[in-house]
Amino acid sequence: MTSSPHVHAPTFEHHLHPLGIGEPAPRLSWAVTADLPGWRQQAYEIELSDGTTTGRVESGESLLVPWPGAELGSRERRGARVRVYGADGSAGDWSPWSHVEAGLLRPSDWQAGAAAPPLDLLGVPDGPALLLRRDFAVRAPVERARLYVTAHGTYEVELNGRVVGDDVLAPGWSSYHHRLRYRTHDVTDLLRAGGNTIGATLADGWYRGRLGFMGGKTDIYGDRTALIAQLEITYADGTTDTVVTDGAWRCASGPVTAASLYDGERHDARLLPRGWSQPGFDDASWLPADVLRHDPPLLVAPTGPPVRRVETLSPVEVLTGPSGETILDFGQNVSGRLRIRVQGPAGHTVTLRHAEVLEGGALALRPLRHAAALDQYTLRGDAEPEEWEPRFTMHGFRYAQVDDWPGELDPADVQAVVCHTDMRPIGTFDCSDPLLNRLHDNVRWSMRGNFVDLPTDCPQRDERLGWTGDIQVFAPAAAFLYDCTGPLTSWLADLSAEQAELGTVPPYVPWVSLMSSAAPAAAWGDAAVIVPWVLYQRSGDLGLLRTQYPSMTAWVDEVAGLTGGNHLWDEGFQFGDWLDPAAPPDKPGKARTDHALVATAYHAWTARIVADTAALLGHDADAARYAELAEAVGAAFRREFVTPSGRLACDTQTAYALALCLDLLDGPEQRERAGRRLVELVAADDHRIGTGFVGTPLICDALCLVGAYDTAYALLTQRNCPSWLYPVTMGATTIWERWDSMLPDGTVNPGEMTSFNHYALGAVADFLHRTVAGLAPAAPGYRELLVRPCPGGGLSRASATLETPFGRAEAGWERAGGRLELRVVVPPNATATVYLPAEPARPIAVGSGEHVFTCAFRDPADEERPS
Ligand code: RAM
């Protein structure tokens, strides 16, 4: 008896809401629910709403299957559905239809100019946000209406007094001179017969506002902000009207008197021209917009979701600071801003300040450097309470100081609105140690805090840049926690574009010339290779590798050129094992591990990845060439840094972690010796961490590779500083930039760079998922799972779940009385190779469904720590 598989509606590329997409031939994926164990897809059939069908295609593929029909034209909408046949003879019904709609695919589709507020209104950078409006008529019943919109600056659009969409800080930040993303909104329901009004508030944002450290820069992309909007109305009778940004738009200043991403926002509600975005408003005193040229070929559709308000938190405690100030504690360090509900006299101003931690009971503002993070609201003085949330700024904070609140402050009137890229959460982890669970939560929160459109280093100080090294080390953890392939695809497109312009991968993307030049640096520039590779492993998207291939090869070629004839990258600037815990607070790059060792190891690693990528893409000559290069660099590494018996020239945790994890040693004897030395080093440090950005993601894996599970767990569960759990014991709710961003006495580390929300050191979450719980990809996209948990550390259980492209996968173990039970869930059309801890050399192959195994298991930690 076969029961029929159930196919979910197909998805397009990596889109959650495929409206206004930029891919004319979007690849299709689908997941299947099937009761039968071991279900494999034998064949599929796709039907498009224009009648195209593939017929039955004998293929097990269900992930990013090529678009089977004619390419979509601009604005074109099509449906797709799928049915599948199992290898067991089962046949499913058609899935529900999914619909996809293309955006404006050709530059010539854009008729809109760039409507720029006139110079008379424009303030200094980070000055007032300006209002733009235009009336228009709707002359017949509307069938559908789409708004295609973006800006030089950040914007919020309104139609007839209602905000369009729920994007925050649109259009986000990309390398604007290469790619400016527009959004497509379905605004059919916002239009009405007769007179209509479209309006926008436009702030400087990343385009013109201040960005960067050491004072930063303004006017980076231009000195004039502008709105680019195209409203296309299709009437029921088939005719169309298009309303675009042109000289008919009129501009004025509004209630936002200053808006800066770093410094905050000032809003004087008395200055709001009531009804300004509605028909009938008299804009005679407003000034006409200038129409500036813009570059339609730069306009691209997004590949991922926008930043949104994802969650709202209430204060958990009201504190009084040392000067009697009122401080709200939201219990969680977040990126976002406050929403207040306030009533009081007209002209009264409430001031809100933000900080991640307290020092001596007061807001610790020094770590924010030149980011004032200060919002001010001046009341209109209405009879009703007034609600306000700044719209053109963002803060990283857990605490907020509220000054000059009129009357008694009810904490319920202040909420923290958490804002970040609205990605789909896909992975979870849980175990018997509450501190490790909190560590994992902190990693998730740091990802949320730092995926504010692009992957940033931190969300609070005058920085918030797309540092390549940070996402390079964090990408595996990120790809497990959230479906971030879409957002990172966009960021990688910027990386490629900047790289092509600059001749190197800059240390952060988008690149802003805050430093003298974009010098190539190992582990940072290597993001060009490693991030696409990780995304391929996790999402199965080979197309992304194909797209990034020129960037990947260009990076490895560039580094090969830098090494001269000896394959050692031992000259020029390096960040190295950044923030080695032994580095002095004011010298974060002064690591114990030689920069040249780190750089050469990465060079060997990324040459090998490029060789593997070339082979996958069928570039055989490249595959051979890069494999040879990887070998040669590996040999050079050994010559320079490894003794014949397997000791390393740098006797550091990071050096051994690199050599072991990146397979840079020669044979089992060297590996065994290196492993023993690493164990000794960790023990000599009392099982405290000795790695910076480079060694941290690798050290636990390195220890497990050599069988030193107990040492890996001792390091992982260490609570003394420096360690992963030390910040947890200090009440951290996110991952800190430094192992000791807060010192044991509660004071803030005196270093210049002291963020409390940096995900890089949280890269260890990937180890929790893959090794502690045991859920790893054995084939790209988790088509094949590797379930090889390594229990230890006195944990009595650990589990991980993941929404893979094939459906939900789970791995979880629990132990008691010398026995261990392992539960594995494999999604349909996937397989798993399972290893039981007691039998590390005996792989067990299983198909889809739930599987439970038991084996004998004793944790050495039990003997050491009597309970
Ligand atoms: C700091 C950043 C980032 C790091 C660079 C090298 O300013 O915060 O985390 O990658 O320096």
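How many of the residues of helix α14 (residues 765–773) are buried? Before the answer, a word on the model: it is predicted, so local features need pLDDT of at least 70 and side-chain atom pairs count only at pLDDT 80 or more, while totals for chains, interfaces and linings use all residues. Residues are numbered from 1 along each chain as its sequence is written, and side-chain values use heavy atoms, with hydrogens and water left out.

As for α14, the helix is mostly covered, with 8 of its 9 residues buried (under 20% relative accessible area, 1.4 Å probe, protein chains only). Among them are Phe-767, Leu-768 and Val-772, along with His-769. Helices here are DSSP runs of H or I with at least four residues, and strands are E runs of at least two, numbered from the N terminus. Just past α14, Gly-774 has a positive phi of about 95 degrees. An unreviewed UniProt entry lists residues 774–842 as "domain: Alpha-L-rhamnosidase C-terminal"; such annotations may be inferred rather than shown by experiment. That stretch is 0% helix and 55% strand, and its end C-alpha atoms sit 16 Å apart.

Turning to the ligand, the residues around it include Trp-467, Trp-524, Glu-737 and His-758, each having a heavy atom within 4 Å of the ligand. The shell splits into 6 nonpolar, 1 polar and 5 charged residues. Polar side-chain atoms of Asp-457 and Asp-470 lie 2.7 Å and 2.6 Å, respectively, from an oxygen atom of the ligand. For Arg-461, a side-chain N or O atom is 2.8 Å from a ligand oxygen. Taken alone, the ligand exposes 300 Å², of which the protein buries 96% (Shrake-Rupley areas, 1.4 Å probe).

Conventions: A polar contact is a pair of N or O atoms within 3.5 Å; within protein, one must be able to donate a hydrogen and the other to accept it, and residues adjacent in sequence count only if both atoms are side-chain atoms. Ala, Val, Leu, Ile, Met, Phe, Trp, Tyr, Cys and Pro count as nonpolar, Asp, Glu, Lys and Arg as charged, and the others, Gly among them, as polar. Buried means under 20% relative accessible area, exposed over 50%, partly exposed in between (1.4 Å probe, protein chains only).
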